[in-house]
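User: I'm new to this one and would like a short tour. Please keep it plain.

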Amino acid sequence: MTAQVDDLASGRRAKRALARTAAVLVALCSLTAGCSSAGEEMDVVWDTAADRKAEQTGNGAWLSGDTLVRSRFDAVSGYNAPTGKQSWEYIPPGRSAVCHATADTDSSVLVLTRDGNGTSASGKSEVCATAVALDMKNGREIWQAPLSPSESGLQRLQPYPVSAGSGIAVLLTKNELHAVDVRTGKARWKASPPKGCVPGRTMVAEHQVAALLACGGTDNRWGDKIPRDAELHAAAFAPATGALLWSTPLGGRTVIPWDARAEFVSADPLVVAASQSGDSDSGAYFSFDGNGRPNPAIDFSGPYGEFQPARRLTAAVDGGRLYAVTFHRVRNSRVDAYRLATFDLASGELLWGGTVDDDRLDRCHPYRILPRDGQLTVLTVVPRDSGCGLYVLDAATGERRDGHTFPEGDDLPNTVFTYKDWFIGARYGSYWAPEKPFTAYERR
């Protein structure tokens, strides 16, 4: 399984309570028309101690076996899932910082990028140019590898030069993709992009390594590495050999400029959220079948509402379905609506949800969607910073199967993990106040 650091806008809402007592919720309903009946309040099994304020780089959380791992700019920490006790800590040398982290949780390896020689990033040119692999069971460093630092002007195409999953780590070095064994760091293969293309971000899945490429173009009057009129392509490589499986323009008949905002939602099936140009509000979710044939695009705006820029990466993919949060402006109301919508990738058609009147989440605002084993776990919050809770839905039909609220006063989790009969909430997005990295909850 592959897991990458999230940049959820919702993660920046620390210190917002996720639940209130039934009386408070009823009173809130009358004020906001957003009422929760998520279910009984969960009990806290254990809490970790509150951590220091975070920065905006290197943040993430993962569960691998019986170990919880949290990454932040100045440290990576491991916790015992049954007890919540901290078991190890990795601190980057000197004044260097963690820039990015990704994990192959099935292999129990976290791969981070950090400053190359232990000095602060501002004090040298090699910013975030070293990959370091950690054993998630004990925090031990198991290998290092040099990376090519992102060149000036290419940060959008090449924001993170490493991805991991399915037993390999893919490193971006010298405009090639280099795969290494995620446990040993030994070279597995290297791949060059098609002629006229420059490789960008990657994402690893079991059956393919997805990549974004900047390709073509003739306007190179300033001698830049990438012509100004180059466009984005999506590509897939074989994870065992690095052979190019397919490559195709990202937008089909619509040209998506190479410097448009584009980020992976899924590697297999390959799904990308991309603006039409730059950071524009217009754009779509673009997806492809296993042979690289494009599916119908799902526009960022339609009868199902709008996909706002800050929430586009809250989308999730499970099999042939896309789950995403849509936004609706509600006339004569102090509260706009966020709803869960589900689409068929092959046809681009809306399957269920997406309407203002859809109340399967009790009109709570979804901010995190976690598909697994035919179910959706959805984290929600009521407008005006009051709590709704956690819903479990049937992934195919949207029918509610279960629901719970969090204890009063608990900070908003960025994500949750299912561990035995517990939900474990993970927090890594507070930039202005301390927060507890993990809390284990027991369902009543």
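User: By class, what does the lining of the second largest pocket have?
Analyst: The lining has seven nonpolar, seven polar and one charged residues. Here Ala, Val, Leu, Ile, Met, Phe, Trp, Tyr, Cys and Pro count as nonpolar, Asp, Glu, Lys and Arg as charged, and the others, Gly among them, as polar. Note that this is a predicted model, where local features need pLDDT of at least 70 and side-chain atom pairs pLDDT 80 or more, while totals for chains, interfaces and linings use all residues. Residues are numbered from 1 along each chain as its sequence is written, and side-chain values use heavy atoms, without hydrogens and water.

User: What volume does that pocket have, and which residues are closest to its centre?
Analyst: The second largest pocket has a volume of about 180 Å³. It is lined by 15 residues, and G251, T254, A284, F286 and A297 are the closest to its centre. Strand 21 gives the largest share of this lining, four residues. Strands (E, at least two residues) and helices (H or I, at least four) are DSSP runs numbered from the N terminus.

User: Now cavities. How many are there of 30 Å³ or more?
Analyst: There are three cavities of 30 Å³ or more. On a 1 Å grid over the protein atoms alone, a cavity is a set of points where a 1.4 Å probe fits but cannot get out, whereas a pocket is an open set with protein on both sides within 12 Å along at least five of seven lines; lining residues have an atom within 4 Å of a point. A volume is the space filled by probe spheres set on the grid points, which are joined across faces, edges and corners.

User: What lines the largest cavity?
Analyst: Its lining consists of R261, E263, A273, A274, S275, F300, P309, R312 and L313, around a volume of about 60 Å³. Strand 20 (residues 270–275) gives the most, with three residues. By class, five are nonpolar, one is polar and three are charged.

User: And which residues line the second largest cavity?
Analyst: R156, L157, R201, L212, L232, W258, A260 and A262 do, and the space is about 40 Å³. Six of these lining residues are nonpolar, none polar and two charged.

User: Which residues form the aromatic cluster with them?
Analyst: One cluster is formed by Y285, F300, Y304, F307 and F343.

User: What sits over the ring of Y338?
Analyst: The charged end of R311 does, 3.8 Å from the ring centre. The cut-offs are NZ of Lys or CZ of Arg within 6 Å of the ring centre and within 35 degrees of the ring normal. R443 lies over the face of F423, at 4.2 Å from the ring centre.

Notes
Rings of Phe, Tyr and Trp (its six-membered ring) pair if their centres lie within 6.5 Å; planes under 30 degrees apart count as stacked, over 60 as edge-to-face and the rest as tilted.
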